[in-house]
Amino acid sequence: MQLDKWSKSNQTVLDNGIIRKLMDKIEAMRRFVAVAQTGSFTQAAENLNAPKSAISNSVSQLEAHLCTRLLQRSTRRVSLTEAGERYLPQCLLLLEELEALDLQFQMQSPILTGTICVDMPSRFLSTIVMPRLQEWFDRHPQTQIRVIGADYRIDPIKEQVDCVIRVGELDDSELIAKRLGTMKMVNCASPEYIKKYGSPTSLEDLSHHFIVDYAPNRRQNNAAFEYCFSGTNHNLAMSSLISVSTTDAYLSAGLNGLGIIQLPEGGITNYLQQKKLVVVLPQYCCQDMPVSIVYESKRHLPKKLRYFMDWINHIYSQHSHQ
């Protein structure tokens with residue numbers, strides 16, 4: 001009898017050990033894929049929220065197990081070796097199949113769990129999503145949201161982001177885009193700015209005014225007043241006192257009288273109502289900006305991501321009709 005207990009106990013330990021080794025290998029493969037897609041151990045560590053040393057050790061152990069080098073490391077960049085080029089697509093295929101297997105069981109469960117990584121413009125986050133985010137957690141308390149909030153267009157595959165909210169026309173890509181709606185644009189300035197420079201009543205007047213230059217890309221230098229006339233977009237070059245790279249700084253510059261700004265009306269409603277900003281040249285506004293949610297094409301979309309994107313669609317629709 002004692003021998004049977006001893007045998008069962010050792011079998012359990014053995015089974016647990018095999019499972020642990022299998023899970024470690026799968027995690028090592030995930031970490032290798034992250035490094036291969038980003039070309040950086042540091043970026044992979046940030047994306048996976050793990051120490052850089054742990055990522056490096058996992059890849060080294062995977063290489064030792066396979067008896068081959070998968071990555072060529074240098075002080076400036078990380079690239080795939082010939083073996084790594086062959087191994088990467090097989091890893092991706094296996095990890096996708098494992099994810100699909102997990103989803104079969106997750107779809108049967110009413111409980112959502114895990115982390116959703118999303119990128120969106122900072123103003124969209126602060127004015128639309130953040131005020132309603134607690135509602136999401138009240139419904140799905142076992143989920144976590146990781147927000148990047150970049151004011152430039154990231155590569156969601158390289159950054160391993162589940163979905164991205166984008167305002168403006170989309171570039172052609174292999175990503176899937178779902179239109180959420182549009183944002184009405186307005187031109188505005190602070191009362192202090194108008195007191196100092198006057199309120200423009202025509203496009204010709206803008207030669208005596210300043211615009212806040214929004215340049216998320218440092219190489220851009222396009223201080224211009226954008227407007228749509230007779231269905232055609234135009235850019236009128238203007239003088240600028242300041243150039244900024246984030247939407248929060250852009251709004252702040254406008255509020256502090258540093259120039260005319262052009263923003264979605266829905267994001268500055270309170271400032272307009274409180275007379276902290278005043279609409280100018282309403283007859284010369286930008287075209288309405290499309291708002292889309294963009295995500296990677298997958299055969300099996302995780303349930304938590306589907307629910308989250310539907311929720312974003314819902315709250316944006318409510319916001320647009322306020």
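**Cysteines, cores and rings**

Author: Cys163 is buried, at a relative accessible area of 0% (buried means under 20% relative accessible area, exposed over 50%, partly exposed in between, with a 1.4 Å probe and protein chains only). This is a predicted model, in which local features need pLDDT of at least 70 and side-chain atom pairs count only at pLDDT 80 or more, while totals for chains, interfaces and linings use all residues. Residues are numbered from 1 along each chain as its sequence is written, and side-chain values use heavy atoms, with hydrogens and water left out.

Reader: How many disulfides does the count come to?

Author: The count comes to 0 disulfides, where a disulfide is a pair of cysteine sulfur atoms within 2.5 Å. For Cys163, the nearest cysteine sulfur is that of Cys117, 8.5 Å away. Cys285 is in no disulfide either, and its nearest cysteine sulfur, that of Cys286, is 7.1 Å away.

Reader: And is Cys285 buried or exposed?

Author: Cys285 is buried, with a relative accessible area of 17%.

Reader: Turning to the packing, which residues touch the most other members of the largest nonpolar core?

Author: They are Phe124, Val129, Phe308 and Ile312, in a core of 26 residues. A nonpolar core is a set of buried Ala, Val, Leu, Ile, Met, Phe, Trp, Tyr and Cys residues joined through side-chain atoms within 4.5 Å. Helix H10 (303-320) is among the elements that give two or more residues to this core, and the largest share, 7 residues, comes from H10. Helices (H or I, at least four residues) and strands (E, at least two) are DSSP runs, numbered from the N terminus.

Reader: What is Val129 in contact with, neighbours within four places aside?

Author: Val129 is in contact with Met120, Phe124, Trp311, Ile312 and Ile315; contact means heavy atoms within 4.5 Å. Another core, of 21 residues, lies apart from the largest one and includes Val35, Ala50, Leu62 and Val78.

Reader: How many residues of helix H5 are buried?

Author: In H5 (residues 122-129), 6 of the 8 residues are buried. They are Ser122, Arg123, Phe124, Leu125, Ile128 and Val129.

Reader: On to the sheet: what is the strand order in the open sheet of 3 strands?

Author: The order is S12-S7-S13, with antiparallel pairing; two strands pair if DSSP finds at least two bridges between them. Strands S12 (261-264) and S13 (278-279) each have a single partner strand, so one side of each has no neighbour in the sheet. Strand S7 (residues 185-189) is joined to S12 by 4 bridges, and Val186 has Leu263 of S12 as its bridge partner.

Reader: Last topic, the rings. How many aromatic pairs are found in the whole structure?

Author: There are 11 aromatic pairs. Rings of Phe, Tyr and Trp (its six-membered ring) pair if their centres lie within 6.5 Å; planes under 30 degrees apart count as stacked, over 60 as edge-to-face and the rest as tilted. One of the pairs is Tyr197 with Phe210, edge-to-face because the planes are at 70°, with centres 5.4 Å apart. Tyr197 is in helix H7 and Phe210 in the loop between H7 and strand S8 (213-214), so this pair ties together parts 13 residues apart in sequence.

Reader: And how are Tyr227 and Tyr284 arranged?

Author: Their ring centres are 5.6 Å apart and their planes at 85°, so this pair is edge-to-face.
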